[in-house]
Amino acid sequence: MSEENKNWQAICASTELTEPLGVRALLGDEQVAIFKVKNELYAVSAIDPFTNAAVLARGIVGDLSGKTVVASPIYKQHFCLSSGACLEDEDVSVKTYAVRDNGGQIELAQH
Amino acid sequence: MSKQRIVVVGNGMVGHKFIDNLATHENAEDYEIITFSEEPRLAYDRVQLSAYFSGSTAEDLMLTSEAYYQEKGVNYVLKDKVVTLDTQAKKVVTESGREEPYDKLVLATGSFPFVPPIPGRDQPHCLVYRTIEDLEAMTASAKVSKIGVVVGGGLLGLEAGNALKNLGLEVHVVEFAPRLMAVQLDEGGGALLRSKITALGVQVHTEKNTQDIVAGETCRYRMNFADGSHLETDMILFSAGIRPQDELARKYDIAIGERGGIVVDNNCLTNVDDVYAIGECALWEGRIYGLVAPGYQMAKVAVSHITGGEEQFTGADMSTKLKLLGVDVASIGDAQGRTPGCKSYVYQDGVAEVYKRLIVSEDNKKLLGVVLVGDVEAYGTLQQMCVHNMDLPESPEALILPAVEGGADAGMGVDALPDAAHICTCHEVTKGDICSAVAGGVATIGDLKAETKAGTGCGGCVSLATQLMNSELTKLGVEVNTDLCEHFAYTRQDLYNLVRIGKIKTFDDLIEKHGKGLGCDICKPTVGSVLASCWNDYVLEDAHAGLQDTNDHFLANLQKNGTYSIVPRVAGGEIKPEGLIAMGQIALKYNLYTKITGGQRIDLFGAQQHELPLIWKELIDAGFETGHAYGKSLRTVKSCVGKTWCRYGVLDSAGMAIRLENRYKGLRSPHKLKVGVSGCTRECAEAQSKDIGVIATENGWSLYVCGNGGMKPRHGDLFATGLDDATLIQYIDRVLMFYVRTGDRLQRTSVWMDNMEGGLDYLKSVVIDDKLGACEALEAEMEHVVDTYQCEWKTTIEDPEKVKRFRTFVNSDEKDNTVVFVEEREQIRPASEEEIVRFVEPEPA
């Protein structure tokens, strides 16, 4: 789906984001974690698939072997913010979302 | 076959060792053991007797327990002395008339203190130093005495002197010989020891021959000496050597040496069939061994002979290394230089007060003996060289000269040791054992201790064991990577120094200058903690907020369902009824699960992210402050009520606990810190299981360090005794800050201590003797942390921008629907997975 055809939802002002802290947003009834790292925006599901707790927006962000990742604050697995893949368990991943800064407004959409 | 009856006369350290070895032998079921003791309790550690005066109880000194003997089927009879022996009928009879037949008899009757036949020696405050009952008598006497004299300047005499000093007396040591420790030291070593001990306030009188003890003028007694001088004292402690307790053997024709002692052969057998003698009552080749290690060897040999083994007793190494009145002393082999033709090397440093002497063979090829006073670091290597008769290096003097920076390694190196060399004599760990442990993957001293037990007895071999391990690792080509993570090629300690010296205030600055990449969940919290330890800025500043683990980031403890628990500080566990009521009302209002913690606080569970600032606003209004339960920082100071209420308390433990908690609250450290303060040696606050443990005694505070509960419990090491409030706090400041400086990431103080080269003695030298010259800086750094304390929750709720970070959703006021509670025992708890499925997707009707 091209960027324009997506159903973009306005979430908050971009000033609400502090690098590299995550925030949590609702897209419909889905909990989404949004991060801004080195001026790049990322959005992944906020639910930690290992515990089903909505904690990923509260994880520490960093890089491992060149991938930008967030570490789950519960058992510390790492999830790639671009692909959603879990670095410790290739069978597990989190859903990713489209995210953009549209003139000072953070917007989310389903991929 | 019926069981063989083994009767053991005497249940001291060696008698117990024998029983323990036999009772755990693979053929233990072939033997029935019965032991008699004239003392009212089973074996205890006489070597550590002086610990009784620095807080240890008789209980702590016990080497075994009645329960253990019962479990092993060992019969024991206390307070009943064996008085008759019939070697024909093979039976013994006790004072109470009890008769016991034996198949094998083991005499482990030990020794008794020698009291010189001085007129007046039988008076009430003339005591000896051997049993727990003796210690009780000393304590009672010390209460009504100001001055105490120890007769005997040997090893035991100086130990006893230390005990009297701990009891608060003015101490004099009176010695017949011209120097102290005449058996173990040479003249130079004895002289330095004397000057050091004198500097500690113990007065030494040598070449004094006591003529009589009469009524004193200024004190209770006066001791008159042969040279016409005299000394006034309130109590006298005889510690002039030991005599073998051979009375029983003597009465029944068992061979006795000319000057006492039951004669034994290499199997520890006496001249009478089936009768053995072991320990200090036994005389082997004309020698009595007054140390515990040779006694243990004899116990092993006797067990071996009884069970058909082949071990022999062939003499024992009498080398010793110990701390007497705080002075390090070691003696190896022929310390006096009595071997004909021997030569010696002497190094003396009058400024640092160090004396070292090597006694070498005539041809300068072998090491015969060593004396070390003031610096005993070389003991391990030298003792091994001596025992294994190894060749000396070309310049033997290098072995005792101080290491010069950049100079070649002077020591012989551990590589030269044979595989059979005993590195740890306490647990009989050889070089070969350590090498195979390293080959099996051990790479830290902590793991080495766990794997081989090396270094877990007296600890004297830790430095040698570490050298050996490192040398083996190098040989195996193992490069120990101590990098913190892929972003920093440094250890936590390196980063601490970079931050401190470079005055670096933010993570971004540090990673730009000394690291690479963005950082990760390893280095970010580590650096966050280091920055907080050094500068103590507010942890949720924008520059620091992203470094914090979620616990620190939300200043609460994350639980499995994504909610948090809250632990307000309750310093020392002391809380007013108003506080309890307020906390209860807040818990009711926010429907929180409440539970008392192990650290005497109250934990409120089930708070959602957005509720945290609301709850904390109310807690702060009620007078509470953050408890740092979420941080790698001081948690709680557990205490008992102490002297204020308790019938047994001797100092105000609750007051001290509150003082310590308020001083160290907010200190960020490599890992969490727990402290305990007990008001007496009953130890109700379990202080010995804390990182810092403080126990009140009648002479002041005893300080224990590096204890731990948890998965691998470790009793704290006794660090200092008889401290006043100010000194106690000064030492704790220094210990904690040194830990903050040098600890590894997530390394508790117990592991920090286990891995510290030089161990407890090294930490003491840094903190008490200021070996590194760092004490002033350590105190200043602590003072900064104390002065800049802030309640992080108070700062947070006063800043609306920070409070916004606690919102659950940035775009909605809805609640987090993954958080589901159910009730259990009339409180909430997180719903289990099955319960959540039912709740979210009800089955169609």
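**Reading a two-chain predicted model**

Modeller: Read along the sequence, chain A runs β-β-β-β-β-β-β-β-β, with zero helices and nine strands. Helices (H or I, at least four residues) and strands (E, at least two) are DSSP runs, numbered from the N terminus. This is a predicted model, where local features need pLDDT of at least 70 and side-chain atom pairs pLDDT 80 or more, while totals for chains, interfaces and linings use all residues. Residues are numbered from 1 along each chain as its sequence is written, and chains are lettered from A and ligands numbered from 1 in the order in which they are written.

Biologist: What percentage of the 111 residues in chain A is buried?

Modeller: A residue is buried if 20 or more other C-beta atoms, placed from the backbone, lie within 10 Å of its own. In chain A, buried residues make up 45% of the 111.

Biologist: How is the packing of two helices described?

Modeller: By the angle between their axes and the distance between the axes. Axes are lines fitted to C-alpha atoms over the stretch in contact, and angles run from 0 to 180 degrees between N-to-C directions. In chain B, α10 (residues 431-439) and α11 (residues 445-452) pack at about 115°, axes 10 Å apart. B:D433, B:I434 and B:A437 of α10(B) meet B:L448, B:E451 and B:T452 of α11(B); contact requires C-beta atoms, placed from the backbone, within 7 Å.

Biologist: How many residues does each chain give to the contact between chains A and B?

Modeller: Chain B gives 24 residues and chain A gives 29. On the chain B side, α16 (542-545) and α17 (550-554) each supply at least two residues.

Notes. Buried ≥ 20, exposed ≤ 12 C-beta atoms within 10 Å, placed from the backbone. Contact = placed C-beta atoms within 7 Å.
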